[in-house]
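Trainee: I'd like to learn how to read a protein model. Could you take me through one, feature by feature?

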Amino acid sequence: MTRVEPREIELVRALKDDGFAVTRLVRMDGRPWLHKQFRFRIPPGRLLAPLARRWARHEMEMGRVLAGIEGIPGAPIALSDTSFCRPWIDGQDLRAHQRAGGVLADPFFDQLEALVRQVHARGVAYADLQKKDNIIVGSDGRPYLIDFQISLRRYEGRSTLRRAISSWWVRHSQADDLRHVYKHKRRLRPDLLTPEEDARSRRRSPVSWLKRIAYAKTLRPLKRLVYPH
């Protein structure tokens, strides 16, 4: 994977800093890029460095697998084994757009659904679509997806058991992706919601319940306790 030297990068502004990664808007070769550096500032810190490297590799791999889909940033460029840059998407995240009183164009959620289905067609579940911050309303009014840190790819190796488990988990995670598309549509453009979409927006998958128990009710409170910022 292509690498560039850090000295070629100019910081524009910090975007996000949590216990797992730092995200910044930078300028490189005269163009804006998103720069992401994985590192752990929660105990045991340096002992988790291998996990930071693995997460960086994973997100870069997701970017490579999904490259070429309209609405997905271009393939990332590695800076180190824990950091990369990817092309900047000009626009507002869905949360900021809503707070600013922006109105979504009528085709927006149809375009978002089509984008998510293209992601699914490559054997990937986005798996984090409940966050409005991950959906960008582009300056052209179209939807874009960012942040593939926890996205899942269907396992295609030799292990039959692992293939079966992976296929089941990815399939239900993809169903949840669409549920979140319809849920956002129900809340932001209810005038366009069909009865079928309304029903699907309220139908949790088994994976959704497992994630709710494992993360929302357990890991998230622990993370906020350890790293309240």
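Trainee: Let me start with a pair: are Arg-179 and Asp-176 buried or exposed?

Mentor: Before that, keep in mind that this is a predicted model. A residue counts as buried when its relative accessible area is under 20%, and as exposed when it is over 50%. Here, both Arg-179 and Asp-176 are buried. They also form a salt bridge, with 3.2 Å between the closest N and O atoms.

Trainee: Where do Arg-179 and Asp-176 lie?

Mentor: Both are in helix α4, 3 residues apart, which is about one turn of the helix.

Trainee: How many salt bridges are there in the whole structure?

Mentor: The idea first: you look for a side-chain nitrogen of Lys or Arg within 4 Å of a carboxyl oxygen of Asp or Glu. A search of the whole structure turns up 15 salt bridges. Take Glu-59 and Lys-36, whose closest N and O atoms are 3.1 Å apart.

Trainee: Which parts does the pair Glu-59 and Lys-36 tie together?

Mentor: Glu-59 sits in helix α1 and Lys-36 in strand β3, so this pair links parts that are 23 residues apart in sequence. Now check the accessibility. Glu-59 has 7% relative accessibility and counts as buried, and Lys-36, with 6%, counts as buried too.

Trainee: What about the salt bridge of Arg-189: which side chain does Arg-189 meet?

Mentor: The side chain of Arg-189 meets that of Asp-191, at 2.7 Å from N to O. Arg-189 counts as buried at 11% relative accessibility, whereas Asp-191 counts as exposed at 54%. Salt bridges can also share partners, and in this model such bridges join Lys-36, Glu-59 and Asp-147 into one network.

Trainee: Where is Asp-147, then?

Mentor: Asp-147 is in the loop between β9 (143-145) and β10 (152-153). Its backbone deserves a look as well: phi of Asp-147 is near 65°, a positive value in a residue other than glycine.

Trainee: Which other residue has a positive phi although it is not a glycine?

Mentor: Asp-29 has one, with phi at about 55°. You'll find Asp-29 in the loop between β2 and β3 (31-38). At 65% relative accessibility, Asp-29 counts as exposed.

Trainee: And Phe-148, is that residue buried or exposed?

Mentor: Phe-148 is buried, with a relative accessible area of 6%. Its place is the loop between β9 and β10.

Trainee: What would be a case from a helix?

Mentor: Lys-183 is in helix α4. The C-alpha atoms of Lys-183 and Gln-130 are separated by 8.6 Å, and the two residues are 53 apart along the chain. Lys-183 has a relative accessible area of 14%, so it is buried.

Trainee: Let's go to the inside. Which residues touch the most other members of the largest nonpolar core?

Mentor: Think of a core as buried nonpolar residues joined through side-chain atoms within 4.5 Å. The largest one here has 23 residues, and Leu-66, Ile-72, Phe-108, Leu-112 and Leu-145 touch the most other members. Two or more residues each come from α1, α3 (108-121), β8 (135-138) and α4. The largest share, 6 residues, is from α3.

Trainee: Where is Arg-162, and is Arg-162 buried or exposed?

Mentor: Arg-162 is in helix α4 (residues 160-188). With a relative accessible area of 52%, Arg-162 is exposed.

Note on methods: Residues are numbered from 1 along each chain as its sequence is written. This is a predicted model: local features need pLDDT of at least 70, side-chain atom pairs count only at pLDDT 80 or more; totals for chains, interfaces and linings use all residues. Side-chain values use heavy atoms; hydrogens and water are left out. Helices (H or I, at least four residues) and strands (E, at least two) are DSSP runs, numbered from the N terminus. Buried means under 20% relative accessible area, exposed over 50%, partly exposed in between (1.4 Å probe, protein chains only).
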